[in-house]
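Please open the structure in a viewer and keep the selection tool ready.

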Amino acid sequence: MNSILATSPFSAPHLLQNARLSPSRSMLTSPPAMASRKRKADEDIADNDERMSASPSASPSMPLRSLPQAQPRSKRMRTNVSGRPLGLSRMLETLSADEMRSLLQSICDRHPDIGHEVVNTAPRPSVQSALQVLSNYESALQASFPFGNRNSSDYAYNRVKQALVELLDALKDYTPHFLPPNEQQTATSLSYLDSATEIIHRLPNWDTYQHNRHKQDAYEEMAKAWTMVVRESAKRGGGIQIQYGGWDQKIAKHNELSGNKMQEAVSELRSHLGWMGGDASGPQAGAGQSNQQSIRDQLLNGTYGLGAPVRVGPW
């Protein structure tokens, strides 16, 4: 058995000693050597990367890869983190025309200086815009009449009186705006007066005489307006614009429809335009006026003398 132990490699004392010492030796010497080799390998790789980056032409077969471009960040919409009232511009966008007028009127009433500024800076109302407003009042008047009742009855008058007064008040306020000296163009004044007088013609005649006072007063005011425009036109150009614009016939027609309530304007026109002199009710005066009107139309149309016979030879 001793021989077996002597010959067995595991029983040799020096082998057992080496076996005991080898693990401790390997633990003390192996890790520093491996760390040194790893550090050297890392340095070699770093040096190789630096050489490749410093000289890109050293390996032309390997194209350089471009770095990815940074994508621009999309702008995020602002979120309302808390409630707040609308701004002035957005608030005004929500207002209707009636609400805007009411708001502006309220502000001007509280601040007269603002109202004065608005009057001076606002554009001048045109004939079309003023007539549109009057047309709206007239439509409101027509809509106020009761169904199944005569439009000239007292009951109908009581139902539409408020709308009637509003229409006549608007007519009374707009008319001076188109009269001289505020309005310098005679054609503009005549155009407004012609349409405004038509509105008065369309007003109903009431069964009760006292109720017709509104319409009679409107005719009197309109007759004074026509008279003023005719007088100013005669001063400026001798009434040529009225004479050659057919306004003499329109004034006569308005006087007829009003029941001679605009005779003042007709008289003013005759006093300044001598070709309209004489009694229009007489047959001879009417024939002479028609002849003058016919000659004037021929002159304006360029047809005067076209129908006259042409004489040849000595007179």
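**Before the first selection**

This is a predicted model, in which local features need pLDDT of at least 70 and side-chain atom pairs count only at pLDDT 80 or more, while totals for chains, interfaces and linings use all residues. Residues are numbered from 1 along each chain as its sequence is written, and side-chain values use heavy atoms, with hydrogens and water left out.

**Stop 1: the whole chain**

Display the chain as a cartoon. It contains 13 helices and zero strands; helices (H or I, at least four residues) and strands (E, at least two) are DSSP runs, numbered from the N terminus. Of the 315 residues, 24% count as buried. Here, buried means under 20% relative accessible area, exposed over 50%, and partly exposed in between, with a 1.4 Å probe and protein chains only. A contact means heavy atoms within 4.5 Å. Among contacts between residues at least 6 apart in sequence, 61% join residues at least 24 apart.

**Stop 2: the nonpolar core**

Select L141, Y192, L193, M222 and W226. Of the 40 residues in the largest nonpolar core, these touch the most other members. A nonpolar core is a set of buried Ala, Val, Leu, Ile, Met, Phe, Trp, Tyr and Cys residues joined through side-chain atoms within 4.5 Å. The elements that give two or more residues to this core are α6 (127-144), α7 (154-174), α8, α9, α11 (247-257) and α12 (263-272). Which element gives the most to this core? It is α7, with nine residues. In soluble globular proteins, nonpolar side chains tend to be buried together.

Now centre the view on L141. Apart from its neighbours within four places in sequence, L141 is in contact with V160, A163, L164, L167 and L203.

**Stop 3: one side of a helix**

Select A265, V266, E268 and L269 in α12, which are buried. Why do they lie on the same side of α12? They do so because they cover an arc of only 160° around the axis; the arc is that of the directions from the helix axis to the C-beta atoms. An α-helix has 3.6 residues a turn, so residues three or four places apart point the same way.

**Stop 4: a buried histidine and an exposed asparagine**

Select H254 in helix α11. Is H254 buried or exposed? H254 is buried, with a relative accessible area of 2%. Leaving out neighbours within four places in sequence, the contacts of H254 are D194, T197, E198, H201, W226 and M262.

Next, select N260, in the loop between α11 and α12. N260 is exposed, with a relative accessible area of 53%. Phi of N260 is near 60°, a positive value in a residue other than glycine.

**Stop 5: two prolines in loops**

Select P146, in the loop between α6 and α7. P146 counts as buried, at 9% relative accessibility. Beyond its neighbours within four places in sequence, P146 is in contact with Y155, A156 and R159. The C-alpha atoms of P146 and R159 are separated by 7.2 Å, with the residues 13 apart along the chain.

Then move to P181, in the loop between α7 and α8. The peptide bond from P180 to P181 is cis, with omega near 5°.

**Stop 6: the largest pocket**

Select R101, Q105, V118, P125 and Y174. Among the 19 residues that line the largest pocket, these lie nearest its centre. On a 1 Å grid over the protein atoms alone, a pocket is an open set of points with protein on both sides within 12 Å along at least five of seven lines, a cavity is a set of points where a 1.4 Å probe fits but cannot get out, and lining residues have an atom within 4 Å of a point. The largest pocket has a volume of about 910 Å³, volume being the space filled by probe spheres set on the points, which are joined across faces, edges and corners. The elements that give two or more residues to the lining of this pocket are α4 (97-110), α5 (112-121), α6 and α7.

**Stop 7: the cavity**

Finally, select P180, E183, Q184, Q185, T186, S189, V229, E232 and R236, which line the largest cavity. The elements that give two or more residues to this lining are α8 (186-201) and α9 (213-237). About 40 Å³ of space lies in this cavity.
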